[in-house]
Amino acid sequence: MIWMMPFFPTPYPDELLYSVLARYHLRSGNISFKATMEDAFGTKNATAVVELPSNINALISNLPLNTEYTADYLIDNHTFFSFYTAFLPPKRAQWVRDNMMKRNGKGIYGKTGIMASSIVANQYFKFCPLCNAEDKEKYGELYWHRIHQIPGVLVCSKHQIMLCDSKVPIKGYNKHQYIAASEENCIKSDSTGTYSDKTVLLLIELAKDVEFLLNNRFERRPTEWFHEQYKAKLMELGYATINGNVMQKKLAEEFVQFYGEEFLTLVQSSIEISSDNSWVADMARGRNRASHPIRHLLLARFLGITIPDLFYRQLTYKPFGDGPWPCLNPVAEHYLKPVVKQLKISYSNDTKKPVGTFSCDCGFVYARAGPDFSEESRFKAGRIKQFGHVWETKLKELVEKGLSLRQTAKLMGADPKTVKKYAAKLGLETCWEKRSDRELFKDKGDSVTAADKRDYYREEWLKLMNQYPDKSKTELRQLNKAVYAWLYRNDKEWLKFNSPEPIYKYRNVCVDWDKRDKEILDKVKVVVEEMLNSTEKPERISLSLVGSKLGIRGLLEKHLDKLPLTKQYIDSVKESRRDFQLRRIRWAIRELEQEGEEVKLWKVLRKAGIRKEFCQEVENDVIEIMKGD
């Protein structure tokens, strides 16, 4: 026998389908909840589900004739579907929708990731006292609002007051039972808790974000989409390097500071700053697992990403803005015009900042550290890496015109030394060199040879040595810089063998070695501690390296026997090859975990830089360390 429901209550705005069926039960006169189940779904074995009910197609087929409702309408507007599937890949979201329509909804919660999440469902239905008062006046009855039942929503997005727990449990004793909201089971309680103004404001913002997510249909995106969105913002805000390595501790500290522990505890999203395995760390790494929608909303708000941008505007990290960028070649016709289309971004290990290398078609290549914080930054070149063919051609033209060195340098936008360097590199015969030669060799006319120049400068240097026999090479150099410079560039070997011997001055100073030992020991301890606590790739603790870092390597290597305290300490901390290998292995494991990489033996050995001949020797150690971590 084909059975249809005699009527179907009109769903109220944002009313749960569960609530609609509860109101149907009250009006139908059914004594048994199983009778209501049979009316609605054609079976007595259906279950009253709050979040993601199934068997929707059967319900639609049992509605009165000419009903306007469809399965999609009820799913989108009166269940949690829009919320729980917002961040699921398209195929998985469609699978959930299809199975909500079917009779057997087995596996729905597993597909959405609800079961695996540490955010648990509310224990009781929640209500807003002001919403109830309005509903009573407008509709003559109360109903369960969908948004009020979302885990993590603790305030009413409309009235901005704390929600109250009703007396109706979400998971009732009778799985077939639909219980409608009423004045008897929705009694306002004063025990909702008192929270800081900051926490209340954050709760209101979260409720509004959830409401926006519920009431809008967003394009389904693959899981990687959201990871790339977050990664771009993490890099932009300085929580990740240009290579995508996340600074987990900084992220965790500032995330907790942004929200506060009180708020995070309330929305079941607390994190331990010292832990590398928090939910924030997992999302930042982009581990391929479903994250609760509440946590997507929390991370997006922290990073300053609006919900529409999160779904529709592909975010990319652009530390130097959008191209094309200006060419900074001062002699090019397109100087300062946006014509540069080639940009290569690298990462500085020293400054931890992105470095952009800009290459123009004119051959001019310049680089600067980023990110750019203003429009003016686009017109600054930190370092010129290549002047290019246009610049060199212009230099040839100016040299041929016979301009002075200073004039040429000014027109070329470079200092005189650079101009001289490139003129020599290009083999140009410049007027400023000709002019100096003419002044020095007036009697030779135009027949000055390289040998003439060499003989002249050698003679001038020997004159200086004869005139000042007691002066050192450095002192003679100061007396005639031009002669020394020419010989150094063009006749270096002769200059080396025809200069005064170095003068060494000795001072017989009595050294307090005990005092020096204590002073050096303090400095050595600081350097060793820095090396051990550094997050960069480990350096082997040795006498020579510690000495080099302090600038006293020679002193330590030659006079360590006079520094017994320092010697004793260095002997206690210096590392054998094996000690150093183990420390590098532990560092490599931590780095791989920070980068979200799977910790595998070969990856650890490669990251740690263990040479092939030692790999087999340390394999067992690596496995033991991995087990221990």
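## An exposed loop residue, and how to read the model

Asn-66 counts as exposed, at 81% relative accessibility (exposed means over 50% relative accessible area, buried under 20% and partly exposed in between, with a 1.4 Å probe and protein chains only). This is a predicted model, in which local features need pLDDT of at least 70 and side-chain atom pairs count only at pLDDT 80 or more, while totals for chains, interfaces and linings use all residues. Residues are numbered from 1 along each chain as its sequence is written, and side-chain values use heavy atoms, with hydrogens and water left out.

## Backbone features in the loops

Let's stay with Asn-66 for a moment. It sits in the loop between helix H3 (56–62) and helix H4 (71–78) (helices are DSSP runs of H or I with at least four residues, strands are runs of E with at least two, and both are numbered from the N terminus). Although Asn-66 is not a glycine, its phi is positive, at about 65°. Gln-160, also not a glycine, has a positive phi near 60°. Gln-160 belongs to the loop between helix H8 (129–139) and strand E2 (164–169), and is partly exposed with a relative accessible area of 39%.

Most residues other than glycine have a negative phi, and most peptide bonds are trans. Gly-323 and Pro-324 are joined by a cis peptide bond with omega about 0°, and Pro-324 lies in the loop between helix H15 (307–312) and strand E3 (325–326). The bond from Gly-370 to Pro-371 is cis too, with omega near 0°; Pro-371 is placed in the loop between strand E7 (365–369) and strand E8 (383–386).

## Salt bridges

By the rule used here (a side-chain nitrogen of Lys or Arg within 4 Å of a carboxyl oxygen of Asp or Glu), there are 31 salt bridges. One of them pairs Arg-301 with Glu-205, with the closest N and O atoms 3.6 Å apart. Arg-301 is in helix H14 (residues 293–303) and Glu-205 in helix H9 (residues 197–215), so this pair ties together parts that lie 96 residues apart in sequence. Arg-301 is partly exposed at 30% relative accessible area, and Glu-205 is partly exposed at 24%.

Lys-463 and Glu-459 form a salt bridge at 3.8 Å, N to O. These two are four residues apart in helix H20 (residues 450–467), which means about one helical turn separates them. The side chains of Asp-322 and Lys-318 meet at 2.4 Å, N to O. There is also a salt-bridge network linking Glu-15, Arg-23, Arg-27 and Glu-141.

## Surface patches and a buried threonine

Patches are built from residues with over 30% relative accessible area and no salt bridge, joining like charges within 9 Å and nonpolar side chains (Val, Leu, Ile, Met, Phe, Trp, Tyr) within 5 Å. Tyr-335, Leu-336 and Phe-379 make a nonpolar surface patch with about 260 Å² of accessible area together (areas come from the Shrake-Rupley method with a 1.4 Å probe, and for residues only the protein chains shown count as cover). Tyr-335 is partly exposed, at 37% relative accessible area.

For contrast, look at Thr-241, which is buried with a relative accessible area of 9%. Thr-241 is found in the loop between helix H10 (223–236) and helix H11 (248–259). Leaving aside residues up to four places away in sequence, Thr-241 touches Met-235, Met-247 and Tyr-347 (contact means heavy atoms within 4.5 Å).
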